Amino acid sequence: MSIAALGPTYISEDETTRYTSPKDVLGRDQFLTLLVAQLQHQDPLNPLESTEFTAQLAQFSSLEQLFSINENLMNIQEGIRSQEYGDILGYIGKTVKTTDNTIQVSNGTMESGSYTLEDRADVAVFIYDGDGMEVRRLYPGWQDPGEHALAWDGKDNAGDKVADGTYTFEIEARNERGAIVPYSTYLTGEVTGVTYQGGIPYLMIGDQLVTPENIVEVTKTVAGQ
């Protein structure tokens, strides 16, 4: 019994070269299982020659080395990511302020939202659910330039408590002449974890994922951190 060589192979069919997909290549577990089965079922009168057996062991050794190299490269890549984005694990357990317009509602409680006005303005706040439907409209009225907390009680326009989930808010701010006043929105909450998606690290604030570069302030640290 012979065992296929490592890596993709090329097979000639009717004078045409066909490429065998890498997904057909044996992994190290399959390779070892097949090798053991070959030894168990070999013909005692025609045992596997030592040269062939040695060659197959060399193939397995090469396979192990390739897996080890791949694992080491992954570890190096993770280390580079950690250096590139700083000590992102250090954010866990800390309360941060990030540029975002989402509000997390969980067990009837909300992560804190806020916004900053560049000039004095007459303000209206619109809150939307995950489907983009308006659930609440607030009228804080005239406000001075600077940061303002989002004063929402977690109820919809009918006065009922909203369901847990992710909501977004937008601001309409106009000055005395009716011109739009620029603003920025923020989310403040505790970082509960770190996750990677597409090779990019994200901080977890409830169900919301934010990138470290969007952090504008670490407002406080929980006890023991």
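Predicted model: local features only at pLDDT ≥ 70, side-chain atom pairs only at ≥ 80, totals over all residues.
Residues are numbered from 1 along each chain as its sequence is written, and side-chain values use heavy atoms, with hydrogens and water left out. Local features need pLDDT of at least 70 and side-chain atom pairs count only at pLDDT 80 or more, while totals for chains, interfaces and linings use all residues.

Q: Is Glu 170 buried, partly exposed or exposed?
A: Glu 170 lies in strand 10 (residues 165-174); strands are DSSP runs (E, at least two residues), numbered from the N terminus. Buried means under 20% relative accessible area and exposed over 50%, with partly exposed in between (1.4 Å probe, protein chains only). The relative accessible area of Glu 170 is 40%, so Glu 170 is partly exposed.

Q: How far apart in space are Glu 170 and Tyr 128, C-alpha to C-alpha?
A: Tyr 128 is among the residues in contact with Glu 170, where contact means heavy atoms within 4.5 Å. In sequence the two are 42 residues apart. From C-alpha to C-alpha, the distance is 8.4 Å.

Q: Which residue in strand 10 stands opposite Thr 102?
A: Strand 4 (residues 102-106) is joined to strand 10 by four bridges, and the two run antiparallel. Strands pair if DSSP finds at least two bridges between them. Opposite Thr 102 stands Thr 168.

Q: Which residue in the turn between strand 4 and strand 5 has a positive phi?
A: Strand 4 and strand 5 (residues 109-110) run antiparallel and are joined by two bridges. They form a hairpin with two residues between them. The turn residue with a positive phi, of about 55°, is Asn 107.

How values were computed
Lists of a residue's contacts leave out its neighbours within four places in sequence.
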